[in-house]
Amino acid sequence: MFRSYCKKLLSSFFFLVIYSLFIMAVAYIWAHISMACKNEFGLIFGKTFNYCTIVILTLLIELVAVYVIRIDNLKIKEAYENTHTKEAYTFQTDFAETLKSKDHILHTAAFNTLMLLLFLLIGMGTKATAIPLVIGAIAMTIVSIILFAVISTLIWCIVHKKWLCSQKK
């Protein structure tokens, strides 16, 4: 179990590195777009709008990348197709099974371990005192766990449905 957790921790670390690179690329591109719009059309985008756009575009790119990576995982696909059929598929059952699966729980734990560290680093950068820092990091981690678990499970459900729809009879 610990070995699986360490593997998931490593893959989550690489995911965060790639996500950070995407953020930097999207931020760079968006900065040029917003400056061009400001210069050419007199439009001024607020900082909040720019930041929200960067985060949303990057998240969408990441979600598509995760979907593509998962859809091409033949080992998991074969295991899933051997235990599930298109006729017996229901979204609610698949969502619950995926959410409770050992692999999904390990992935969520590993990813959010890294997020907790990130939240602590961000909190230390604000020079908050110890108690608000810990409470803030824990609160952000709880929100992160819920969001990650739901989004990841939804992506898996989409992948599972696609696999079953393309399954040969």
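Among contacts in the protein chain between residues at least 6 apart in sequence, what share joins residues at least 24 apart? In this predicted model, the share is 83%. The chain has six helices and zero strands, and its elements run α-α-α-α-α-α from the N terminus on. Of its 169 residues, 28% are buried.

- Helix α4 spans residues 91-100, and its buried residues are Asp94, Phe95 and Thr98.
- These three residues lie on the same side of α4, because the arc they cover around the axis is only 100 degrees.
- An α-helix has 3.6 residues a turn, so residues three or four places apart point the same way.
- Gln92 and Lys100, on the other side of α4, are exposed.
- The cover over the buried residues of α4 includes α3 (74-83), α5 (102-125) and α6 (130-165).
- Phe95 is in contact with Val150, Thr153, Leu154 and Cys157, leaving out residues up to four places away in sequence.

**Nonpolar cores**

- The largest nonpolar core has eleven residues in all: Val66, Ile71, Tyr80, Tyr89, Phe95, Ile155, Trp156, Cys157, Val159, Trp163 and Leu164.

**The largest pocket**

- The volume of the largest pocket is about 1,500 Å³.
- The pocket is lined by 46 residues, of which Phe15, Val66, His107, Phe111 and Phe148 are the closest to its centre.
- Two or more lining residues come from each of α1 (2-41), α2 (47-71), α3, α4, α5 and α6.
- By class, the lining consists of 27 nonpolar, twelve polar and seven charged residues.
- Val66 is one of the residues closest to the pocket centre, and Val66 also belongs to the largest nonpolar core.

**Ser12 in helix α1**

- Ser12 lies in helix α1 and has a relative accessible area of 1%.
- Ser12 therefore counts as buried, a class that requires a value under 20%.
- Apart from residues up to four places away in sequence, Ser12 touches His107, Ala110, Phe111 and Leu114.

**Lys77 in helix α3**

- Lys77 is part of helix α3.
- Lys77 and Val159 are 82 residues apart along the chain, and their C-alpha atoms are separated by 9.1 Å.
- With neighbours within four places in sequence set aside, Lys77 contacts Trp163 and Ser166.
- Both Val159 and Trp163 are members of the largest nonpolar core.

**Ile146 in helix α6**

- Ile146 is located in helix α6.
- Ile146 has a relative accessible area of 52% and is therefore exposed, since that class begins over 50%.
- A separation of 9.9 Å is found between the C-alpha atoms of Ile146 and Asn112, which are 34 residues apart along the chain.

Conventions: Residues are numbered from 1 along each chain as its sequence is written. This is a predicted model: local features need pLDDT of at least 70, side-chain atom pairs count only at pLDDT 80 or more; totals for chains, interfaces and linings use all residues. Side-chain values use heavy atoms; hydrogens and water are left out. Buried means under 20% relative accessible area, exposed over 50%, partly exposed in between (1.4 Å probe, protein chains only). Helices (H or I, at least four residues) and strands (E, at least two) are DSSP runs, numbered from the N terminus. The arc is that of the directions from the helix axis to the C-beta atoms. Contact means heavy atoms within 4.5 Å. On a 1 Å grid over the protein atoms alone, a cavity is a set of points where a 1.4 Å probe fits but cannot get out, and a pocket is an open set with protein on both sides within 12 Å along at least five of seven lines; lining residues have an atom within 4 Å of a point. Grid points are joined across faces, edges and corners, and a volume is the space filled by probe spheres set on the points. Ala, Val, Leu, Ile, Met, Phe, Trp, Tyr, Cys and Pro count as nonpolar, Asp, Glu, Lys and Arg as charged, and the others, Gly among them, as polar. A nonpolar core is a set of buried Ala, Val, Leu, Ile, Met, Phe, Trp, Tyr and Cys residues joined through side-chain atoms within 4.5 Å.
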